[in-house]
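Visitor: Please take a close look at a single part of this structure, the side of one chain that touches another. Keep it brisk.

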Amino acid sequence: MYRKFKYCTRTALLSFLYIAVSQSVSWGYLSRQEAFAQSFDMVWSTVQESHWDETFGGRDWEAIGNTYRPRLKKARDRTQLVVLLQSMLNELELSHYRILSNYNEVEDNYPRGGYTGLELKYVEGRAYVVRVAPGSPAEEAGIKVGWRLKSIHRRSIKSLVKSYSRKQLPDKIKSFYIQRHLNEVIQGGTVKRIRTDWYPPEKRALKIYMMPTADSRQLSDSVGHLPSQCIEFEQRYLENDILYMRFNYFVPNLMSDIRASIEQASEQAQGIIIDLRSNLGGLTVMATGISGLLVDEPTNLGKLNLKKGHMTYQGYPQRKRFSGPVAVLIDGSSASTSEMFAAGLQEAGRARVFGESSLGQSLPSLFKKLPSGDLFQYAVGDYHTPEGYRIEKNGVVPDEVLVPSFDQLEQRVDLPVTEALQWMERQWMEDEDAS
Amino acid sequence: MEEDEKVEAMLQGYVNSQGGRERLLTITSIEVDGIMKLESQGLRIPMAQKVQAPDKVYTMQDFPVFGEIRNSLNGNQGWEWHPIAGERPLDYTEVDELLDDANLQRDLNLRDEYSSIRLGPPEIIEDIQTTQLIFTDEAGKVEYWYFKSNGDLFQKIHIVSAGPESEFEATERYYDFEEEEGFRFPRKIRYLNPAYEAELTITELVINREIDQCYFVLPIYAEEMARLAKDEPYERSSTTVD
């Protein structure tokens, strides 16, 4: 009689699975050995109990624990504990096993620093401006899209790249880290003034000082231990009534904007471009929710293999939905839920994907708070597309692979957007011919 | 004692521990309010469930940030409203599970519900000596039920439906039994699934109060959605509302 509530737990699991790549790290200090030991045990046993692959990818998790546990005695502060735990998790060689030490239990748990409003794209040793936020310090300083960054605080891009060259990482991951590093530093952190040196196209090199403002971008609501993130949403109409939409996280705070945009598009747009470049992911339920606004029939977006079971991600057609062509843009910084969304709609034939291969980090995860005060993100399943393609380590391969050249970045040519628009035109022509 | 007799005695003990056959036969509806805590995730989710025998169920969970997630079964169709994922019909396995939930006399007829019930080895769980029954249904799905010496169900391991073409193994444990109008039930239920633990505390339980039927009606969109979801003829539900 009292076995009625099983439905609730599955809803909780589906709703709170989160896949995103963490943004930044700062250190705190704690020196309680007991808390450290408990934290170690919690991390080790959580992996032991929840990892979907009982072979741990051919690794002996028991032995790994036995190797790292004695080193706990040498962890004198929280920094060293975090390094130890992260090193142990790195043995799994999987994404979404992370210790987040920048979490603190205040209402606003995102480490807010400075903001210049610049977004940089790193391509083969060079960094170009791809976005300047309106009204931002960068715009006031006169920095334009297409400029190439020479150095920040006199540290050259070349020297930064060199420091990463020593790390044993795949090139794609290395490029992602370099781009993330640059985009963090260019915001200013806690400094009052940033010196930057630039190569504007067809001009002499320029030295520009920027005064970062406090980061006042909207914060997503934290959900349980799920940390807040600075969120961005942008929508505008391009030529031929094409809706262009960009957002940087899959978080519930953005769902009403996204839904309203697509519902409006269902009445007036000829196509939708969803720009997920640099989108680091978020709640997986957002991917199914947004898909439901784009599909005309229930659409399988992929399968999550759990330790003892599996779950299918399915988008259900909603009352107001958009039925025209959809293009999804991705790049090497599109991760997690972005990848799931892009791959699922791509395989279902509902969207055409443009850009560069995605990061390949797509293991749905949950968060636990450790006794040390740090957060532990742990994967609970392995995501595959409906046809069985594994995104982790492989990434989503676009239908049209488009790697921007230096010239295109300098000339502010947004190749994936241009190609997506041309594809949509071809679609309409084909539709007209067919009718 | 033969195995079959032992099984029968355990099933009888289970019914008696809930208040007895006569009492269970009189129950036509149950309403529950509770709090679901996912301690490790830092989440606290108020929930409510209304069950009307033989075939109606409504569940609401008030999720932080998202808002209310609701699902209902109106007798033959099930439906979910999710503030993020949107609306969807429940699939056949989910509806089957809800129909089991709505059958408030199910524990009186377990022999009819399963193709076999046999004794399993006794186990000590959380220092409690338990006896075990292994239930197998017609589809071959197996459930493991562990009983305390007084007949209370203490643990159950089974496969739960997790949405369309989805299922995972879950363990439930039952604690803090109390009696309400002759019906004994646990105030606390712990859930362990492949990803985390959750704990439900029942704050209020009401038996045999008339339940407003609006909880069980389906939205008008259900009709269109059902057509989109499958090609077979759609059976119109008795009541719809926008």
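Guide: Buried residues (under 20% relative accessible area, 1.4 Å probe, protein chains only) make up 58% of the 435 residues in chain A. This is a predicted model, where local features need pLDDT of at least 70, side-chain atom pairs count only at pLDDT 80 or more, and totals for chains, interfaces and linings use all residues. Residues are numbered from 1 along each chain as its sequence is written, chains are lettered from A in the order in which they are written, and side-chain values use heavy atoms, without hydrogens and water.

Now the interface. In chain A, 53 residues are in contact with 80 residues of chain B; contact means heavy atoms within 4.5 Å. The two chains bury about 5,400 Å² between them, counted as the accessible area (1.4 Å probe) lost on being put together, summed over both. Carbon and sulfur atoms hold 61% of that buried area.

The rule finds two salt bridges across the interface, each a side-chain nitrogen of Lys or Arg within 4 Å of a carboxyl oxygen of Asp or Glu. One joins A:Lys308 to B:Glu169, at 3.4 Å from N to O. Helices H1 (6-16), H2 (33-50), H8 (255-268) and H9, with strands E16 (309-315) and E19 (365-369), each supply at least two residues of chain A's side. Helices are DSSP runs of H or I with at least four residues, strands runs of E with at least two, numbered from the N terminus. H1(A) gives the largest share, ten residues.

Helix H9 spans residues 284-291 of chain A. Eight of its eight residues are buried, so H9 is largely enclosed by the rest of the structure. Among them are A:Met286 and A:Ile290.

Terms used:
Buried < 20%, exposed > 50% of the residue type's maximum accessible area, 1.4 Å probe, protein only.
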